[in-house]
Amino acid sequence: MNRKYEATCCPKKPVLGNRPLLTEPQALPLEQVFKLLANGTRLRILHALARTGELCVSGIAEVLGRRPTAVSNQLQRLADRGIVEPRRNGNQILYRVIDPCVVKLLDSAWCLTEDARMRAEGRAARERTTR
């Protein structure tokens with residue numbers, strides 16, 4: 001993970017297990033964040049930005065193999081949510097991740113999927129040897 005994102009992503013809060021059960025009204029904004037992030041292009045944009053720090057729309061489009069208009073649309077959605085921020089540099093508009101929590105979440109989610117895949121492969125291998 002890029003060192004600039006290793007800082008604490010938000011003020012110290014109680015450990016999740018020590019918090020009261022999430023209420024329906026509290027769950028809604030969380031649901032909206034997960035829905036926003038449940039898009040392969042947006043996840044790839046965030047990863048590209050986490051790796052490089054800043055990129056322009058055409059740079060992101062080139063890295064992802066997508067059209068700049070498609071990337072711009074997804075960046076706007078991320079900017080509207082306060083996850084990325086544009087910065088003008090002459091004629092270019094560069095984007096960067098401004099919420100380090102999203103980088104931490106992306107890293108954790110990727111870790112979760114890799115670990116789950118490895119556990120599934122381990123189970124499958126054990127099942128083959130017990131037959």
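Arginine 42 sits in helix H2 (residues 40-52); helices here are DSSP runs of H or I with at least four residues, strands are runs of E with at least two, and both are numbered from the N terminus. This is a predicted model, in which local features need pLDDT of at least 70 and side-chain atom pairs count only at pLDDT 80 or more, while totals for chains, interfaces and linings use all residues. Residues are numbered from 1 along each chain as its sequence is written, and side-chain values use heavy atoms, with hydrogens and water left out.

Is arginine 42 buried or exposed? Arginine 42 is buried, where buried means under 20% relative accessible area, exposed means over 50%, and partly exposed lies in between (1.4 Å probe, protein chains only). Even so, arginine 42 has no salt bridge, a term that asks for a side-chain nitrogen of Lys or Arg within 4 Å of a carboxyl oxygen of Asp or Glu. Its nearest side chain of opposite charge is aspartate 80, 10.0 Å away; Lys and Arg count as positive, Asp and Glu as negative, and His and the chain ends are not counted.

What does lie beside arginine 42? Leaving out residues up to four places away in sequence, arginine 42 touches Lys35, Leu36, Gln74, Arg77 and Leu78, a contact being heavy atoms within 4.5 Å. For Leu36 there is a further detail: the backbone oxygen of leucine 36 is 2.6 Å from a polar atom of the arginine 42 side chain.

## Three salt bridges

The structure holds 3 salt bridges. In one of them, lysine 35 pairs with glutamate 31, with the closest N and O atoms 3.1 Å apart. These two residues are 4 apart in helix H1 (residues 24-37), so about one helical turn separates them. Lysine 35 is exposed, at 54% relative accessible area, whereas glutamate 31 is partly exposed at 38%.

Another salt bridge joins the side chains of arginine 87 and glutamate 54, at 2.7 Å from N to O. This pair links distant parts of the chain, 33 residues apart: arginine 87 is in strand E2 (residues 84-89) and glutamate 54 in the loop between H2 and E1. Arginine 87 is partly exposed at 35%, and so is glutamate 54 at 26%.

Arginine 96 and glutamate 85 also meet through their side chains in a salt bridge (2.7 Å, N to O). Arginine 96 belongs to strand E3 and glutamate 85 to strand E2, so the pair ties together parts that are 11 residues apart in sequence. Both are partly exposed, arginine 96 with a relative accessible area of 32% and glutamate 85 with 30%.

## Helix H3 and its neighbours

Which residues of helix H3 (residues 57-64) are buried? They are Val57, Gly59, Ile60, Ala61 and Leu64. The buried residues of H3 pack against H2, strand E1 (55-56), helix H4 (68-80) and strand E3 (92-97). After H3 comes glycine 65, with a positive phi near 70°.

## The whole chain

Stepping back, the protein has 5 helices and 3 strands, arranged along the sequence as α-α-β-α-α-β-β-α. Its radius of gyration is 18 Å, well over the 14 Å that the globule rule gives for 131 residues, so the protein is more spread out than a compact globule. That radius is taken over C-alpha atoms, and the rule is 2.2 Å times the number of residues to the power 0.38. The C-alpha trace spans about 65 × 40 × 30 Å along its principal axes.

Buried residues make up 23% of the 131 residues. Of the contacts with a separation of 6 or more, 57% come from residues 24 or more positions apart.

Conventions
Polar contact = N/O pair within 3.5 Å; in protein donor to acceptor, adjacent residues only side chain to side chain.
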